[in-house]
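This report describes a protein model for readers who work with coordinates. Please view the structure below before reading on.

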Amino acid sequence: MSTISQTAVSPPGTAASPFAAADMCGLAGFVLPVGAARPLFEDDTWEFTQVIGIPAYVAKCARRLDFSGIINGRWKTVAKEYIAAQMAPGHEAVRTLPYANRTVRVVNGLYAELLELVRWLNWLTAQGVAELGEVTDHHCKSFAQYRATHRPDGKRTHDRPGVRRAVELTIIGLARYSELFTTDRYHPGLRPFPGQATSKPSGNANKTPPVADPTFQPLLAAALYLVQTLAPPLLRELDAKRRYVAHRAALPAARIDLDKREAIIRRHVEEQRPFDRNVNWAKARTWISKDDPLSQINLYALAAEGGRREIGPSTLESVRDVLEEAVKAVGIEEPFCRGASMVERADSQGEVPWSEPLSERGLRALTGVVKTASHVVIVALSGMRQSELREMNVGCRVPPIEVGPGLKRYKLASRVVKGKPLGGVPDEWVVIWEAYQAAEVAEQLLGPEAEIGAPLLTSPLDRSRFALFRQWVNGPAGQALGLAPIPEGQLTARMLRRTLALEIAYRPGGLLAAKVQLKHLSVVTTEGYAARPGGAQAKFLAEVNAEEAERNKDLVLAEYRRYQQGEMPSGPVVSEAGRYPERDEAAGGHVRFRPLSAGHPSSLPPPDVGRERADQAGLHRVDRPQPQDRKGPTAGRLGSGREGPGLDRRRRRVRRIPTSWLESAQRPAPATRRPSEPRRTGS
């Protein structure tokens, strides 16, 4: 950690806060609707729920900064000044601080830091610390260790380095802003966690794992099947339900004639049509017992058939005998998805009904599963971040562009939030038809009441939604449709983005990815990544390039290991650019060396080839007389402890002999590749 300057400042408690009576929204540059309440610095709660342009992925609770939980009143002011300084780095009292943050922090980041700050200050109070000047390095390390191994409720857990790091940054932050605080501050000599950086170093490898192929294939296949096959009949069923609900609400509440009641019941028996089971949205009836066999019938649906809104107790008693006989004859069934149409199974093993009869709760659950499927397809085929997915609205589908005879380019519109000012920056993603279709299904599932500009996602694509999706696919409904089970394992939207980056990078030519299972995924997506230099797609392109470079390194290393084991490469690249050492049978099996292409691993000299290896290979060995047997003016100059320049030169020559040459001189003939092995080309 860098040394914190000790500029002379006013003692704590002798000056007014530089943020006194400040409008926090105006200080941070937030825009509010006309007439909305504006939080002030002195308020214990800062509400930002109505801020215009706040990212959609920010949870409702994270838009509310609550300082009321801090026990020590003076430290409450310290916490407010610290958070206010993070929100307004350009404030005249903040910009002169040598170690202050120079970028505006997002609200959800401040919310997470405030939680740790409240825990830190209240922990100090519990330890008997009354002033921040009493805090020592022991306090800092003890609390970091406690938070890393204990949950907020006090239960012990495994060591969590991420939590430890967040606590360290919060404690260090108070030290870096000490000159700003007016009520209390650390002792000037305190250096919390010396040597720790205040930000994450750049250049670290991406730790997000990709989705394994045994999991990714059935996941994406199931999502595509639901979007393309199950969504159309589901949308028709939802539309029929909306029409029925609207029709029933408009019916009068008058009674039904007795003859008409019995005629409705007999029609069910004649058509062998079961009665509707009581649905969840029907209001509770206190005048009928749960043990009554007619309590399971949806009496509202029965009344609607007669053109009335409901059936009362007296009406039910007048037709009880007839109704009970009819129930025994045709039974009771769930009201939705009856007589489902036939669809092709996902495994192409015939046709099955697209759904069994469902209750309202079951229909709502199936709608949620198809929504998740559409969101999974969009993320998996576009590479969007979670924040960008949450910024998609109804109407995000850009009209297709005709690029040729029978060829169209599809785009989805959203906003880039990460690293951008509040409100984000509009951007577009070039996608294939499947992702475009998934966005259309997601819009239609919201219903006709969804207006243009309404959020496309009403909840984040988190782990719980992935778990429910896998549970449905692996359950009876998914297996009846022939869907392959999805193996257990972690699934997140970030992992899908990572998987797409690897899939593109591992194809020959990197961005010019070849044929993949999802039609022309690589071609159209690459066009989108290259279309907006500096945008979100360009950043994703950089990730793809990094993955491609890593993959190429692995391929070169693997080929070099095969060569070390005696397996020679083949192909036009080797014959044109250069070859490995070959054994010339026409010359009696002797090794013949040919030049290698520049930069080839085998063309680089080894770091150390000593005289012992040359002795083993029997190369460049010349018998020379010992120093004591020599005659002439140079006799004795190469004695023990005195080595002349000539010997040094010869030894350096031996050291420059490539290892591959020496090993090739001893190796048997290269192994013959089996016909079943693929033909490899040179690196």
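The text that follows covers confidence, aromatic pairs, nonpolar cores, cavities and one tryptophan.

The model is predicted; local features need a pLDDT of at least 70, side-chain atom pairs count only at pLDDT 80 or more, and totals for chains, interfaces and linings use all residues. Residues are numbered from 1 along each chain as its sequence is written, and side-chain values use heavy atoms, with hydrogens and water left out.

**Confidence**

The average pLDDT (the predictor's confidence in each residue, from 0 to 100) is 77 for the protein, and 72% of the residues score at least 70. In residues 510-535 the pLDDT falls below 50, and this stretch has 57 contacts beyond near neighbours in sequence. A contact means heavy atoms within 4.5 Å. Residues 661-683 also stay under 50, with 47 contacts beyond four places in sequence. Where pLDDT is low, the predicted coordinates should not be read in detail.

**Aromatic pairs**

There are 12 aromatic pairs in the structure. Rings of Phe, Tyr and Trp (its six-membered ring) pair if their centres lie within 6.5 Å; planes under 30 degrees apart count as stacked, over 60 as edge-to-face and the rest as tilted. Two of the pairs are set out here.

| Pair | Centre distance | Plane angle | Class |
|---|---|---|---|
| F30 and F48 | 5.4 Å | 85° | edge-to-face |
| Y560 and Y563 | 6.2 Å | 35° | tilted |

F30 lies in the loop between helix 1 (24-28) and strand 1 (45-47), and F48 in the loop between strand 1 and strand 2 (64-66), so their pair ties together parts that are 18 residues apart in sequence. Helices (H or I, at least four residues) and strands (E, at least two) are DSSP runs, numbered from the N terminus. F30 is buried at a relative accessible area of 11%, and F48 is buried at 0%. Buried means under 20% relative accessible area, exposed over 50%, and partly exposed in between (1.4 Å probe, protein chains only).

Y560 and Y563 are three residues apart in helix 18 (residues 536-564), about one helical turn. Y560 is partly exposed, at 23%, whereas Y563 is buried, at 2%. Ring pairs also join F19, F41, W46 and F67 into a cluster.

**Nonpolar cores**

A nonpolar core is a set of buried Ala, Val, Leu, Ile, Met, Phe, Trp, Tyr and Cys residues joined through side-chain atoms within 4.5 Å. The largest core has 66 residues, of which L226, F469, W472 and L496 touch the most other members. Among the elements that give two or more residues to this core are helix 11 (360-382), strand 8 (407-416) and helix 16 (493-505). Helix 6 gives the most, with 14 residues. Beyond four places in sequence, L496 contacts residues including V211, F216, V376 and F466.

**Cavities**

On a 1 Å grid over the protein atoms alone, a cavity is a set of points where a 1.4 Å probe fits but cannot get out, and lining residues have an atom within 4 Å of a point. The structure has two cavities of 30 Å³ or more. The largest cavity holds about 60 Å³, a volume being the space filled by probe spheres set on the points, which are joined across faces, edges and corners. Its lining includes I256, R261, L302 and V319. Helix 7 gives the most residues to this lining, namely three.

**W120**

W120 belongs to helix 3 (residues 107-126) and is buried, at 0% relative accessibility. Not counting residues up to four places away in sequence, W120 touches V135, H139, C140, F143, I171, L174 and Y186.

Notes
1 Å grid on protein atoms, 1.4 Å probe; cavity = no way out; pocket = protein on both sides within 12 Å on 5 of 7 lines; lining within 4 Å.
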